[in-house]
Amino acid sequence: MSEFEEMLESAVLRKRGQGFHSFEEGETIHHHWGRTITEADAIQFSHLTLAYNPLYFNREYAKAHGHPDMVVNPQLVFNVILGLSVEVCSEGLGGPFLGVYDLKYLEPVYPGDTLTAVSVTESKRESESTEGRGVITWFNEGFNQHGNKVIEFRRTNLAIWKGAMGGPKSKKEKNDG
Amino acid sequence: MDKAGIARLTSNNNYFEDFEVGQTIRHARGKTMTELENVNITNMVMNTAQGHFNLDQMSKTPLGKILCYGGVNFSLVLGLASQDTVENALAEIGLNNIQLKTMVFHGDTLYAYSRVLEKRESDREDAGIVVFKHWGVNQNKELVAELERTALIKKKSHWLEN
């Protein structure tokens with residue numbers, strides 16, 4: 001056996017994400033990485049989604065409205081805060097995102113600001129009708145480098161740990177803690 | 001940039017005074033979702049769920065292809081609706097009841113519709129609050145996403161020179 005073949009056989013899958021049973025109501029999760037939002041991010045996002053408010057891509061227009069710089073499209077702020085939470089709060093659940101509620105944009109974000117994400121597990125409920133299904137709701141918050149909260153929202157996900165969507169999963173493959 | 005210079009840059013039919021509760025708008029443009037939107041934005045916001053960017057893995061599931069990330073889907077719907085609804089917004093204040101109804105794949109085309117749900121005064125004289133409901137629809141007229149957006153929108157009385 002070549003080293004390559006031996007390596008393929010012996011490599012251990014390093015799983016990411018966590019399952020329904022390892023979440024606890026009331027816990028606070030500080031998400032990884034953080035993200036500095038650049039001007040290129042902000043403009044590219046707004047243009048790819050056709051978000052036409054000049055505050056998001058015309059610096060002089062934004063300054064004429066009292067901002068120090070162009071404003072980062074709030075939907076990019078949402079997607080970054082959600083994105084930072086995905087590894088812990090989605091990748092191991094095996095089920096889709098069900099909804100986002102009560103989203104508030106609390107402060108403008110500007111190019112150069114650095115965002116971090118925190119989630120609090122608000123509730124989790126196992127389905128009474130279908131075995132191996134559950135619903136989790138988190139309260140998510142995003143902060144800038146000054147510690148000011150720029151966004152908050154509630155997000156609900158379906159968790160599936162038996163007969164996963166997208167094909168059956170063996171018990172061994174599931175990633176519940 | 002003076003008042004006239006500001007006003008020249010945006011439309012003059014989407015100020016606070018122009019919206020009426022119940023008004024329903026079909027937006028002019030659609031956009032086809034491709035890797036450029038889905039994979040690019042999913043990766044740039046560090047959404048690590050590989051169902052949105054690993055074709056090999058997805059080809060082994062019953063879906064058989066990459067599933068577009070819902071955050072991109074509804075952001076595109078909000079974008080498609082933006083010129084007619086929030087081009088003259090001073091700020092987007094919030095979103096609510098974001099629901100994703102139909103899966104989106106590369107090659108699907110999204111269109112947007114909006115309805116004015118509510119209009120009210122704000123704590124500033126020069127702008128008022130409008131609540132919109134937005135719908136995203138695919139090329140087969142299936143509902144892809146629906147959500148509500150609240151925005152603080154400039155008043156003509158203060159921002160347009162007569």
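A:Ser119 stands opposite A:Asn140 in β5(A). This is a predicted model, in which local features need pLDDT of at least 70, side-chain atom pairs count only at pLDDT 80 or more, and totals for chains, interfaces and linings use all residues. Residues are numbered from 1 along each chain as its sequence is written, and chains are lettered from A and ligands numbered from 1 in the order in which they are written.

The predictor assigns the complex an ipTM of 0.95 and a pTM of 0.93. In chain B the average pLDDT is 97, and 99% of the residues score at least 70; pLDDT is the predictor's confidence in each residue, from 0 to 100.

**Strands of chain A**

Helices (H or I, at least four residues) and strands (E, at least two) are DSSP runs numbered from the N terminus. Two strands pair if DSSP finds at least two bridges between them.

| Strand | Partner | Bridges |
|---|---|---|
| β4(A), residues 114-126 | β5(A), residues 133-143 | 10 bridges |
| β5(A) | β6(A), residues 149-160 | 11 bridges |

A:Asn140 also stands opposite A:Phe153 in β6(A). A hairpin is formed by β4(A) and β5(A), with six residues between them, and A:Gly132 in its turn has a positive phi of about 80°. Another hairpin consists of β5(A) and β6(A), with five residues between them; here A:Gly147 in the turn has a positive phi of about 85°.

**Where the chains meet**

Contact is counted when the C-beta atoms of two residues, placed from the backbone, lie within 7 Å. By that count 40 residues of chain B touch 38 residues of chain A. On the chain B side, α2 (35-44), α4 (70-85) and β3 (89-100) each supply at least two residues. The largest share, 11 residues, comes from β3(B).

β3(B) pairs in the antiparallel sense with β3(A), residues 97-105, over three bridges. Within this pairing, B:Ile98 is the bridge partner of A:Val100.

Helices meet as well: α4(A), residues 74-89, packs against α4(B) at an angle of about 175°, with the axes 11 Å apart. Axes are lines fitted to C-alpha atoms, for helices over the stretch in contact, and angles run from 0 to 180 degrees between N-to-C directions. α4(A) is therefore roughly antiparallel to α4(B), a term for angles over 145 degrees. In this contact A:Gln75, A:Asn79 and A:Leu82 meet B:Gly71, B:Ser75 and B:Leu78.

Note on methods: Parallel < 35°, antiparallel > 145°, perpendicular 65-115°, else oblique.
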